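My notes follow in the order I took them.

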Amino acid sequence: MTHASKAIPITGLGCLCAAGGTVPEVAETLFAGQRNVQYRPARGHHYPVFQLASEDVPPGYFEGPECERCGRLAVTAAREALGHAGLTDEHLQARTVGVCIGTTVGSAMNNEAFYRLFRDGRMPGIEPIRRYLRTNPASMVARAFGLTGPCQTIVNACSSGSVAIGHAGAWVKAGICDVAIAGGADMLCNVIHAGFLSLLITDSEPCRPFDRNRQGLNLGEGAGVVVLESEQSVRQRDAVVQARLCGYGNACDAYHISAPEPTGRGLKQAIALALAEAQIAPNEIDFINAHGTGTPENDRVEGQVFPELFPGVPFSSTKGFTGHTLGASGGIEAVIAALCLQRKQVVANIGFEEPDPEFPGRPVVENTPIRGRYGLSDSVAFGGNNAVLILQEADA
């Protein structure tokens, strides 16, 4: 096939999650096969969570309470990505720079004192609402760096981070902005933790994506951000390209409020759209960073679809290292996919021991060499939302 000539350069990567507070730390943890899992009490039990160390979330960017944590995660990842890209304040002011951040929790769910007062019939005051409105993560990133380009927060369940990168890529491709800061950010809080426990899809042990005995997900938190940049901007400042975004697909199967369509119809459609934009064939995909939450339905669908569309292509889930970071997962996993392309290795799927006879797919259980040309990262979200990104090695 004729390969796309308009793949969008990715010049910067930023990430913080339970695997590490920076991209190099995350890479070291993943490729060393280390889990940094903690346990959070609920309902008389302690459930595994992948929580950030407090020192990894600098408080100084914005003054305010804990409810700004999600925005601080986004700003921290964006700061690292911009530094990695070599984009100074002077560069940013000379360009139209957009911000597109995906989230699920955002800063809406962590105002527990407000909820308690409201439940008890007392009037908690309007300040928590004002605080919430000020802490839109995309707006916080734009304010932190003085950016005046397009600014959007995507809330599309657990596909939000992937969708944000896809939208931002379209901005750059259309010439709406020269540079786009895109990805996802989400945080742990008690309301979300209790909500997922009530859905009965949370494992009481560290998660086991694609394993026969998997029981569900472990929640996590963090942010993953990429800097997308036009070819003209890259040439003007002689920037180093880390990878390229060459394909994006988004499709909703509208099957169920939380379960994926059993045949993977929506995921297949999103994959087809991404391959068409990238102008590559399925056999040119070298590895897959799976959504792989460890829930029975999600893993079954991906475990059927991948061998069908990409026979023999290695795939793995990295949620055994990061937990399920909800709206941040697509951003974090895009960063990880770029690292895999650079290292020409797929990260091992930690937690997998016994194959599931209900589907043929088997993740890689060791760091696995790849040719390193094209990687696919997918998100399979509540509401039937499916998003797929295809990344290309920098010098392809």
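**Helix crossing**

The crossing of α2 and α6 is right-handed. I keep in mind that this is a predicted model. Helix α2 covers residues 69-85 and helix α6 covers residues 137-145. Their axes come within 8 Å and cross at roughly 50°.

I then picked a residue in α2. Ala74 has its place in that helix. Is Ala74 buried or exposed? I find Ala74 buried, with a relative accessible area of 0%. I also checked Ala74 against Cys252. The two are 178 residues apart in sequence. In space they are 26 Å apart, C-alpha to C-alpha.

**Surface patch**

Next I looked for nonpolar surface. Which residues make the nonpolar patch of about 370 Å²? I noted Ile126, Ile129, Tyr132 and Leu133. Tyr132 sits in helix α5, which runs over residues 127-134. Its relative accessible area is 38%, so I class Tyr132 as partly exposed. A patch residue needs over 30% relative accessible area, and no salt bridge.

**Positive phi**

I went on to backbone angles. Most residues other than glycine have a negative phi. I wrote down two residues that go the other way.

Ala254 has a phi near 50°, a positive value, and is not a glycine. I located Ala254 in the loop between β9 (243-252) and α10 (265-278). Ala254 counts as exposed because its relative accessibility is 64%, and the cut-off for exposed is over 50%.

Lys344 is also not a glycine, yet its phi is positive, at about 55°. Where is Lys344? I found Lys344 in the loop between α13 (329-343) and β12 (345-346). Lys344 has a relative accessible area of 38%, so I call it partly exposed.

**Salt bridges**

How many salt bridges are there? I count 16. I followed up some of them.

Glu277 and Lys173 meet through their side chains, at 3.5 Å from N to O. This pair links distant parts of the chain. Glu277 belongs to helix α10 and Lys173 to helix α7 (residues 160-174), 104 residues apart. Glu277 is partly exposed at 32% relative accessibility. Lys173 is partly exposed too, with a relative accessible area of 41%.

Glu229 pairs with Arg237 in another salt bridge. Their closest N and O atoms are 2.7 Å apart. Are these residues buried or exposed? Glu229 is buried, and Arg237 is buried as well.

Lys268 has a relative accessible area of 24% and so counts as partly exposed.

How values were computed. Residues are numbered from 1 along each chain as its sequence is written. This is a predicted model: local features need pLDDT of at least 70, side-chain atom pairs count only at pLDDT 80 or more; totals for chains, interfaces and linings use all residues. Side-chain values use heavy atoms; hydrogens and water are left out. Patches are made of residues with over 30% relative accessible area and no salt bridge: like charges are joined within 9 Å, nonpolar side chains (Val, Leu, Ile, Met, Phe, Trp, Tyr) within 5 Å. Accessible areas come from the Shrake-Rupley method with a 1.4 Å probe; for residues, only the protein chains shown count as cover. A salt bridge is a side-chain nitrogen of Lys or Arg within 4 Å of a carboxyl oxygen of Asp or Glu. Helices (H or I, at least four residues) and strands (E, at least two) are DSSP runs, numbered from the N terminus. Buried means under 20% relative accessible area, exposed over 50%, partly exposed in between (1.4 Å probe, protein chains only). Axes are lines fitted to C-alpha atoms, for helices over the stretch in contact, and angles run from 0 to 180 degrees between N-to-C directions. A crossing is left-handed if the near helix is turned anticlockwise from the far one by less than a right angle, and right-handed if clockwise.
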